[in-house]
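Biologist: I've got a model open and want to talk through how its pieces pack. Can you take my questions one by one?

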Amino acid sequence: MKIAILGAGNLGLSIAKGLIVNNAFTTLFLSKRKIDDIKDYEEYSKVSITSDNLEAVKNSDILIFAVQPTQLEGILEEIKDVLTDKHVLISTVTGFKIPRIEAIVGEDQFIIRSMPNTAIAVGKSMTCLCSNKKGEKRIAIAEAIFNRLGSSIIIPENKMQAATVICASGVAFWMRLIRATTQGAVQLGFDAKEAQELSMQTCLGAASLLIESGKHPEEEIDKVTTPRGCTIEGLNEMEHNGLSSSLIQGIQASFKKINSISDQ
Ligand SMILES: NC(=O)C1=CN([C@@H]2O[C@H](COP(=O)(O)OP(=O)(O)OC[C@H]3O[C@@H](n4cnc5c(N)ncnc54)[C@H](O)[C@@H]3O)[C@@H](O)[C@H]2O)C=CC1
Ligand SMILES: O=C(O)[C@@H]1CCC=N1
C-alpha cells in the first residue's frame, strides 16, 4: 500500500511508527509544513518526508489526514484537484463530518473517517471507522490497515464523537489511572520504577482477562474479592470517594466539550 500521512504531528507520527514497525506499507510519505523535526524518519527504507502535500498525494493511494480540525479544510482545498479514483481518503480529524469533506472534494471520492488512538504506535489502537456511501466499497482497506495496528470496528458517523472520548481521549484517562495506582504503590514502599511496572502490568493483565474470556468485569472482581478481605475494603473506599461516578462524569464532560467544538 502506498500511504501518505498528511500532518505528521502527535497522531500522524504514532500511525507512522505503527506502520513502520509492522512493515505495513509499500511506500510512506510523511508531510508537515516544517519537516526539520521529522528528518530522522528518512532513515527508514521507503519513507519520504516532504512539506509538499501535492507530492505526497500524487505518489500515494491511501491518504491519512491527521491535521487539526481548523487545518483540514485548507489541505483538502489544496489537494482536491489532484485526487483520482485510486485515492482513498481517511480522515482522523475530530468533529469534521463527512458531508463537510464531501462539500470540498466531492461525493464521488472514497471517504472514510477513523478515530484511532496514540497506542497505534505500538500496534494496540482501538480504532472506530465510518465512511460515505462511496467509501463503503473501500472500508475493508481501512479495516485491514487499522487491524494490523490494533483492533477496529465500523460504527455510524453519529457515534464518532463518543468514540473520540472513549478511545482517543481514553488513552489519557487510563494513563491517569495508571499514574494514580503507581503513586499508591510508592506510598506502600515500592520505588518509582517498580511501582510503575506493577501498575502497568496489572492493568494489562486485567484488560487481557476480559479480552480473552469475554467476561463482564464484575465476574472477575468476584474472583478477587475475598469476603471481609482487603480488596473489597479498598474498592468500597474508592467508590465512597466517587471512583466510578467521577470517571462517568469526566466522560460526560469530555463529550459535552467535543460536541461544543465540532460541527456535528
Ligand atoms: N492526538 C491524539 O491522540 C488524537 C488526535 N486525533 C485528531 O487527529 C488530528 C491531529 O491531532 P494531533 O496529531 O494531536 O495534532 P498535532 O498538532 O500534533 O499534529 C498536526 C500536524 O499537522 C501539521 N500540519 C498543519 N497544517 C498542515 C498542512 N497544511 N499540511 C501538512 N501538515 C500540516 C502540523 O505541523 C502538525 O505536525 C486532530 O484533528 C485530532 O483531533 C484523533 C485521535 C487521537
Ligand atoms: O483532546 C482532543 O481534543 C483531541 C481529540 C482526541 C484526542 N485529542
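Biologist: Which hand does the crossing of H3 and H4 have?
Modeller: Keep in mind that this is a predicted model. H3 packs with helix H4 (residues 98–105) at an angle of about 30°, and their axes are 9 Å apart. Angles under 35 degrees count as roughly parallel, so H3 and H4 are roughly parallel to each other. As for the hand of the H3 and H4 crossing, it's right-handed.

Biologist: How are H6 and H7 oriented to each other, parallel or oblique?
Modeller: The axes of H6 and helix H7 (residues 192–213) come within 8 Å and cross at roughly 135°. H6 passes H7 in a right-handed crossing. Roughly antiparallel would need an angle over 145 degrees, and the crossing angle here is roughly 135°. H6 and H7 are therefore oblique.

Biologist: At roughly what angle do the axes of H6 and H10 cross?
Modeller: Helix H6 covers residues 160–187 and helix H10 covers residues 243–261, with axes that come within 10 Å. The hand is right-handed where H6 passes H10. The angle between the two axes is roughly 125°, which makes H6 oblique to H10. So the label for H6 against H10 is oblique, and the angle is roughly 125°.

Biologist: Over to the sheet: which strands stand at the edges?
Modeller: Eight strands form an open sheet with mixed pairing, in the order S3-S2-S1-S4-S5-S6-S7-S8. Neighbouring strands of this sheet are turned by 20° against each other on average, direction ignored. An edge strand has a single partner strand, so one side of it is left without a neighbour in the sheet. The strands in that position are S3 (47–50) and S8.

Biologist: Which residue in S3 does Phe29 stand opposite?
Modeller: Strand S2 (residues 27–31) is joined to S3 by four bridges, and the two run parallel. Across that pairing, the residue in S3 opposite Phe29 is Ser48.

Biologist: And at the S8 end, what hand does the β-α-β unit of S7, H5 and S8 have?
Modeller: Strand S7 (residues 125–131) and strand S8 (residues 150–154) pair in the parallel sense over five bridges. Met126 stands opposite Ser151 in S8. Helix H5 (residues 139–148) belongs to the unit along with S7 and S8, and the hand of that β-α-β unit is right-handed.

Biologist: On to the ligands: which helix supplies the largest share of the shell around ligand 1?
Modeller: There are 26 residues around ligand 1, and Gly7, Gly9, Leu11, Thr94 and Ala168 come nearest. By class, the shell around ligand 1 has 11 nonpolar, 13 polar and two charged residues. Helix H1 (10–21) and helix H3 (69–79) each supply at least two residues of it. The largest share, four residues, comes from H3.

Biologist: How many charged residues does the shell around ligand 2 have?
Modeller: Ligand 2 is surrounded by Thr94, Thr164, Ala168 and Ser169. Thr94 and Ala168 also turn up among the residues that come nearest to ligand 1. By class, the shell around ligand 2 has one nonpolar and three polar residues, and the count of charged ones is no residues at all.

Conventions
Residues numbered from 1 in each chain as written. Chains lettered and ligands numbered in written order. Predicted model: local features only at pLDDT ≥ 70, side-chain atom pairs only at ≥ 80, totals over all residues. Pairing = 2+ DSSP bridges. Right-handed = clockwise from strand over helix to strand, strands pointing away. Near = placed C-beta within 6 Å. Nonpolar A, V, L, I, M, F, W, Y, C, P; charged D, E, K, R; others polar. Axes fitted to C-alpha atoms, helices over the stretch in contact; angles between N-to-C directions. Parallel < 35°, antiparallel > 145°, perpendicular 65-115°, else oblique. Left-handed = near helix turned anticlockwise from the far one by under 90°.
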